[in-house]
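Trainee: Could we take a careful look at one chain of this model, and then at the place where it meets its partner?

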Number of protein chains: 2
Amino acid sequence: MELTSIYAPILQDLNKVRDTLKSISRVDFPWLAEQLGYVVRSAGKGIRPALTLLSGKFYNYDLRYLLPMAVSVELMHTATLIHDDAIDNAVVRRGQPTINKIWGDENAILLGDYLFAKAGEYVSDTLNPRVIKLFSQTLATISSGEINQLLDAFKVEQSHENYLQRIARKTASLFSLATESGAILSGAPESSVTLLRDYGYNLGVAFQIADDILDFIGTEEKLGKPVASDLIQGTLTLPSLLVLERLPGDNPVRRALASRGNRKYVNEAIRLIKNSPIVDECYKIAAEYCEKARQTLKKLPENESHKSLIDLTEYILIRDK
Amino acid sequence: MELTSIYAPILQDLNKVRDTLKSISRVDFPWLAEQLGYVVRSAGKGIRPALTLLSGKFYNYDLRYLLPMAVSVELMHTATLIHDDAIDNAVVRRGQPTINKIWGDENAILLGDYLFAKAGEYVSDTLNPRVIKLFSQTLATISSGEINQLLDAFKVEQSHENYLQRIARKTASLFSLATESGAILSGAPESSVTLLRDYGYNLGVAFQIADDILDFIGTEEKLGKPVASDLIQGTLTLPSLLVLERLPGDNPVRRALASRGNRKYVNEAIRLIKNSPIVDECYKIAAEYCEKARQTLKKLPENESHKSLIDLTEYILIRDK
């Protein structure tokens, strides 16, 4: 299953989104152009902007509003990654040196701010007060989720529930912004707006769980960053939380936290998780959210993007990066 | 000249702005409530929100839109200060420990992001696409100005012109957002929007020059932060640039930069600037911008906030903090 074929109904417009993203590096200041050029070159898979466009296909698909919205969603995502990398002292992302690695943390903070601002400019081009407000509310939700994650770092006493709340805030909220805004901007009736929002939310939770599994079972080459980055940062995710639940008392995850990311214990934790049924269990939980996402789709009218949205619920579980 | 009397025509509404700012700390998460409570307690002079309200008095003063705009402007200002302090490793601001000092740089980045988001939420309540876009454009301008400042840090080869461009971006842009948005949201004709924008811009340039003078001639107690913080950070401002211009070759400012903020040279630079005509010269340049600001006011209709806006052009030059 290839993303290109999943994106088929909106591929041409997604390329317009990518062109627009590239255009933001055309600024008068050479120092800023250099940094922005670097950012837009190492673009991601484009799932979030694709979701906005696909969600816009059920009713009145109007690219005048859907295009800036899709650009805005991707820019917000990019800005949060730049700030996250500065916070985590991450050195590689998507196989490339991070902004903070090349230009320093201080610069990364400001470049992230600049990209939030550009995201805000694009969302204002939708001329829709409801999605504009939703955009800012989502950024507030993401930031508060990230603060929560930071304050919980290296703490052993965390619940499953707490994890789900956290990924809902830091990841699912942006997925649901992508789908909900696509619905609103295409004039969907309220019931469909809710369905597409719920689809995005459930897909986002599943996407983050799968990401958190890949963080343990992936390779550095495919991940584009070190394996078990989360545990090294002291962030407990579903696989490591399940280790703590299943092995009360001493275990490598507990030791990795207590030693603030000692690589010996982290490597032991990776081996333990890879060779346990925990990976399958986590995928099963992710699959439940995918199923919820598919259920909401059933209540929407048939259309050309229906199959793509179903395929995405499968793709995110089988991808290896 | 007291700010309270300058603010008289809008004092009651400015208090509503302050109450609204305080209300943002009422959130469900105790850890976030604590941080936000800390931020809104140590509020500043409120010049920017006051400018929005005063600028709204020339035409149709409608608090439904002016109030969220004024809140938004102050929140954007607060967020940029939090990020600036993290970037500068500043330990005190307004006499209180900074967010980064108490909760760490990582947390400061995310709390700043959260406040940008809240600012975005409030500006969306104006329901005015033009000011919403202007808001984001201003944030982009400020961030790029700050990146410029960062890249120029500790560089001796900087011009007067470069300094003025930088403060226009990082300070005057927010002042002009404050006044221009007040004009737009009160239904001012385009000619008046331009005049009020120009007033804000010129006042903002003068305000920053005065701030940069105070950074050298003020006391730590009044400033609420160490004297000559800018020079310690490697940021050249008008007083230090004039030293470099007037004393080509060896001088304390050049030494302070070369030593990356060595306190001995910084203290020599402070003494040199305090005991030279440079302070008066800088105030003279600031006064020229104030005069430009007053000239634009003359073309606006007489009204109750006219005098306040004139008084502000004088206040910012005589204040000691």
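Trainee: What percentage of the 321 residues of chain A count as buried?

Mentor: Of the 321 residues of chain A, 54% count as buried (20 or more other C-beta atoms within 10 Å of the residue's own, placed from the backbone; 12 or fewer would be exposed, and in between partly exposed). Please keep in mind that this is a predicted model, in which local features need pLDDT of at least 70 and side-chain atom pairs count only at 80 or more, while totals for chains, interfaces and linings use all residues. Residues are numbered from 1 along each chain as its sequence is written, and chains are lettered from A and ligands numbered from 1 in the order written.

Chain A holds 17 helices and two strands (DSSP runs, H or I of at least four residues and E of at least two, numbered from the N terminus), and its C-alpha trace spans about 55 × 50 × 30 Å along the principal axes. Among its contacts with a separation of 6 or more (C-beta atoms, placed from the backbone, within 7 Å), 72% join residues 24 or more positions apart.

Turning to the partner, 34 residues of chain B are in contact with 34 residues of chain A, and the largest share of that side of chain B, 14 residues, comes from α8(B).

Key:
Contact = placed C-beta atoms within 7 Å.
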